[in-house]
Amino acid sequence: MSNSFNRILDKIKGRREQLNGDLHIIGEEFEFVFQMPTDSDAEIKNLKSFELPEDYVSYLCQYSRAVLFRDFEFGSSLFTILDPHNVIEYWKGYSIDHPYYPIAWSSHSLGCICVDQDRLDSGNGYLTWIESMDPDNPIDIDLTFTEWLDKLIEHEGKEFWIPFHEEEE
């Protein structure tokens with residue numbers, strides 16, 4: 001995971017800086033901030049009630065939280081990869097039911113990228129989108145965490161998994 005994760009981060013164009021131990025990638029329009037874990041083993045143990053995918057655990061060993069596509073003009077970010085504490089808080093706060101638990105939040109569409117624990121061994125990916133305003137209609141993304149992050153960066157932060165309907169004129 002470490003090599004593939006670094007390869008994904010290399011796709012982000014911008015200046016790289018280490019600030020307070022965190023990795024900042026500063027591009028022309030957006031900033032990405034990958035925060036270092038204070039104690040990755042302890043943070044991962046906070047998620048002991050969930051079945052954790054291997055690539056997600058590898059990510060948590062390197063970074064605890066990430067802010068993706070932070071807009072310089074408005075200061076808001078499109079996505080946040082949740083730290084283990086916030087995984088629990090969002091899971092409780094949004095009443096997300098088993099087999100799901102959130103690992104990333106979209107500030108743009110107000111929803112969570114969730115791990116579907118029932119699909120971890122499916123071989124087709126295990127992520128699901130749950131919109132906060134429509135939690136009863138999850139959308140299977142059929143990607144792993146690593147694949148999702150890679151595609152998100154390739155699509156420049158656009159939520160490629162959400163079907164958009166053309167407006168009737």
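Mentor: A residue is called buried when its relative accessible area is under 20%, exposed when the value is over 50%, and partly exposed in between. Please keep in mind that this is a predicted model. In helix 5, the buried residues are F145, T146, W148, L149, D150, L152 and I153.

Trainee: How many of the residues of helix 5 are buried, and what follows for the helix?

Mentor: Helix 5 spans residues 145–154, and seven of its 10 residues are buried, so the helix is largely enclosed by the rest of the structure. For the protein chain, buried residues account for 47% of the 169 residues.

Trainee: Which elements does the protein chain contain, and in what order do they run?

Mentor: The protein chain has five helices and nine strands. Read from the N terminus, the order is α-β-β-β-α-α-β-β-α-β-β-β-β-α. The radius of gyration is 16 Å, close to the 15 Å that the globule rule gives for 169 residues, so the chain is as compact as a globular protein of that length. Along the principal axes, its C-alpha atoms fill a box of roughly 50 × 40 × 30 Å.

Trainee: Let us turn to charge pairs. What is the general idea, and how many salt bridges does the structure hold?

Mentor: Side chains of opposite charge can pair when their charged atoms come close. The cut-off for a salt bridge is a side-chain nitrogen of Lys or Arg within 4 Å of a carboxyl oxygen of Asp or Glu. The structure holds seven salt bridges. One of them joins R70 and E31, with the closest N and O atoms 3.5 Å apart. This pair links distant parts of the chain, with R70 in strand 4 and E31 in strand 3, 39 residues apart. R70 counts as partly exposed at 27% relative accessibility, whereas E31 counts as buried at 11%.

Trainee: Which residues are linked in a network of salt bridges?

Mentor: The network links D116, R119, D140 and D142. Within it, D142 and R119 meet through their side chains at 2.5 Å, N to O. D142 lies in the loop between strand 9 and helix 5 and R119 in the loop between strand 7 and strand 8, so this pair ties together parts that are 23 residues apart in sequence. D140 also forms a salt bridge with R119, the closest N and O atoms being 3.6 Å apart. Here D140 belongs to strand 9, and the two residues are 21 residues apart. R119 counts as buried at 13% relative accessibility, while D140 is partly exposed at 42%.

Trainee: Where is there a negative surface patch, and which residues form it?

Mentor: D97, E131, D134 and D136 form a negative surface patch. Among them, D136 is placed in strand 9, residues 134–140, and is exposed, with a relative accessible area of 69%.

Trainee: What should I note about the backbone angles?

Mentor: L110 is not a glycine, yet has a positive phi of about 55°; the residue sits in the loop between strand 6 and strand 7. D142, also not a glycine, has a positive phi of about 60°. Just after helix 5, E156 takes a positive phi of about 55°. As for omega, a cis peptide bond joins H98 and P99, with a value of about 20°. P99 lies in the loop between helix 4 and strand 6.

Terms used
Residues numbered from 1 in each chain as written. Predicted model: local features only at pLDDT ≥ 70, side-chain atom pairs only at ≥ 80, totals over all residues. Heavy atoms only, no water. Patch = residues over 30% accessible without salt bridge, like charges linked within 9 Å, V, L, I, M, F, W, Y side chains within 5 Å. Areas by Shrake-Rupley, 256 points an atom, 1.4 Å probe, with all protein chains shown as cover. Lys, Arg positive; Asp, Glu negative; His and termini not counted. Charge placed at Lys NZ, Arg CZ, Asp CG, Glu CD. Helix = DSSP H or I, 4+ residues; strand = E, 2+ residues; numbered from the N terminus. Buried < 20%, exposed > 50% of the residue type's maximum accessible area, 1.4 Å probe, protein only. Rg over C-alpha atoms; globule rule 2.2 N^0.38 Å.
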